[in-house]
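Opening the notebook on this one.

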Amino acid sequence: MRRTTLLSLAALALVAIGAIGFGVANIAPLDVLAIIGKSLFGLPIGGEISAGSTSIVMEIRLPRILAAIAVGAALATSGAAFQSLLRNPLADPYVLGTSSGAALGAAIAFLLPITGIAWELGGVQLAAFVGALASVALVWRIAGIGSGEERIASVLLVGYAVASLLAAALSLVMLASGANLRAIFGFLLGGLDGVTWPRLAAAAVPITLATLLLARRGRALAAFLLGDEGATHLGIDVRRERRIAVALATLATASAVALAGLVGFVGLVVPHLARLAVGSDPRAVFPLSAIGGALLLLLADTVARTIGVPVGVITALIGAPFLLWLLHRARAGYAL
Amino acid sequence: MSANTSPNDATPYELLGAKNLQVDLGGTTILRDVSLSIGPGERVAIVGPNGAGKTTLMRALSGAVPATSGEIILCSEPIQNLSRETIARSIAVVSSDIALPFATRVDELVALGRIPHGRGPAGPSAHDRERANAAIERVGASHLQRRDVRTLSAGERQLAAVALGLAQETPILALDEPTAHLDLRHRMEIADLLISLAGDETIMKTKRSTSCATDSAA
């Protein structure tokens, strides 16, 4: 298990360096290392690198690649958390309405006359973040998460109902949006174009914090495999742990959605892949999901920016057939 | 945990006890005036028809539902003074139907029994795996170790459930209807297993039928 995690971490690092160099202006991996070493740590290496290459790496590609890593890790980890919490293999990070809330928030922000500095600082991202949190708060409230009275099926149903309601509201806003329709549509497809250092930092800090804290709750989430009653008998305070895990997974998801829009399938598929490799214990699934999600989104985004389509389209193109293949294997003997 | 006196003391040491226990759930009284006392090494069967409150009694005795009135003593300590973790290190409660949402190997399932003994975010340690495998061996299920729990037969799943309880390494092992859904032969096998477990655990189990209570309560 530890070996799998270390190997995949090494793979992620290699792919990241390759991806930074890859693009219209190709930069050799060693030069990429030299540029990063020089710019971030002041190392006296790589004397013959042009200012243009440095600016491409440091201002455009590095923040974008780090964003792909952060968003992929956040989505896959919270997907794994929601699947464990709700004991449902079909749960994904958006199961409590995060995606619809974020989309509605972003759509409203596109319509508001905010310009200039607020826009630069990420008005849309902030609105998406608030929308995501608001929808989960609503589901939390109605389904009574953490009250001890909640039923998992009803949490899923309430999540679905709230998401449908918000989706209807989103349709209305899109109808009324006129010229902004394309921008809203772009957000719905998900993408990492135009990620800047400040926006990356604003999302990456809560994502890192939430995923690390979530990983620390792995023991409780492992006990959830046996259901509420079973977890109680293993010494877990079920209500408290469920509240904490939902809050952390929501924070990670909302931050990821704010930065990258609605990127689908990463949070659903990657945890299942991780389980294939290391079994169902969340303590093993979390780190591998985080790395796998980062790797998948990084690869998908590299393809996306090469052929010029939103990354969400690529993840759906890879993810949907892959899910079908997993289900096919399930029929052939392997069960999710 | 404060007291852990030897079972050979002059006065019999009470491992698990209830005095005038009453439990109300949703306005209905499920248990009324239940008193019992169980000592180390005892094998106890709680027998009653469906709806008699066997499962509720077991849940109350393990602190999963609060007592409305009366008193529960676990390891010489009133249960309300014990943390959930301490309770989980004192009494292992195993349900008869384990339903897992994901493919899980038997040894992975049984390793979950080590959770009350764990600390920090790391998964089961080498020692935990060793203890889990020892528990699987004690129930004679080593050949099932790497099988997906969800593909096991009802009888095999019961073995895995008992191993899960044993891996928790508690002085008390409580099994809720461990022979439910089993045919007579497998029921006898589980009963024999529970009698023959060569440990110091106090074993408490619930069952519906009275037909072979004397056999398996031993």
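Which residue forms a salt bridge with R219(A), and how far apart are the closest N and O atoms? I find E85(B) there, with the closest N and O atoms 2.7 Å apart. For a salt bridge I take a side-chain nitrogen of Lys or Arg within 4 Å of a carboxyl oxygen of Asp or Glu.

Ground rules before going on. This is a predicted model, so I keep local features to pLDDT of at least 70 and side-chain atom pairs to pLDDT 80 or more, while totals for chains, interfaces and linings use all residues. Residues are numbered from 1 along each chain as its sequence is written, chains are lettered from A and ligands numbered from 1 in the order in which they are written, and side-chain values use heavy atoms, with hydrogens and water left out.

**Entry: the A/B interface.** I count two salt bridges between chain A and chain B. Chain A puts 27 residues into the contact and chain B 32, contact being heavy atoms within 4.5 Å. I get about 2,400 Å² buried between the two chains, 60% of it from carbon and sulfur atoms. Buried area here is the accessible area (1.4 Å probe) that two parts lose on being put together, summed over both. R219(A) turns up again: with H233(A) and L234(A) it supplies 28% of the area that chain A buries against chain B, more than any other three residues.

**Entry: α3 with α12, chain A.** Helices are DSSP runs (H or I, at least four residues), numbered from the N terminus. I looked up α3(A), residues 51-85, and α12(A), residues 238-260: their axes come within 9 Å and cross at roughly 150 degrees. That makes the pair α3(A) and α12(A) roughly antiparallel, the label for angles over 145 degrees. Axes are lines fitted to C-alpha atoms over the stretch in contact, and angles run from 0 to 180 degrees between N-to-C directions. The crossing of α3(A) and α12(A) is left-handed, as the near helix is turned anticlockwise from the far one by less than a right angle (clockwise would be right-handed). Among the α3(A) residues in this contact I note V71(A), L75(A) and F82(A), and from α12(A) the list includes R242(A), V246(A) and L259(A). By class I get 14 nonpolar, three polar and one charged. Nonpolar means Ala, Val, Leu, Ile, Met, Phe, Trp, Tyr, Cys and Pro; charged means Asp, Glu, Lys and Arg; the others, Gly among them, are polar.

**Entry: α3 with α13, chain A.** Here the axes are 7 Å apart and the angle is about 70 degrees. α3(A) and α13(A) are therefore roughly perpendicular, a label that covers 65 to 115 degrees. L75(A) is one of the α3(A) residues in this contact, and P271(A) and H272(A) are among those of α13(A). The classes come to seven nonpolar, six polar and one charged.

**Entry: α4 with α8, chain A.** α4(A) (residues 98-111) and α8(A) (residues 181-189) have axes within 10 Å that cross at roughly 155 degrees. α4(A) is thus roughly antiparallel to α8(A). The crossing is right-handed. The residues in contact include F110(A) of α4(A) and F187(A) of α8(A). I count nine nonpolar, no polar and no charged.

Terms used:
Helices (H or I, at least four residues) and strands (E, at least two) are DSSP runs, numbered from the N terminus. Angles under 35 degrees count as roughly parallel, over 145 as roughly antiparallel, 65 to 115 as roughly perpendicular and the rest as oblique.
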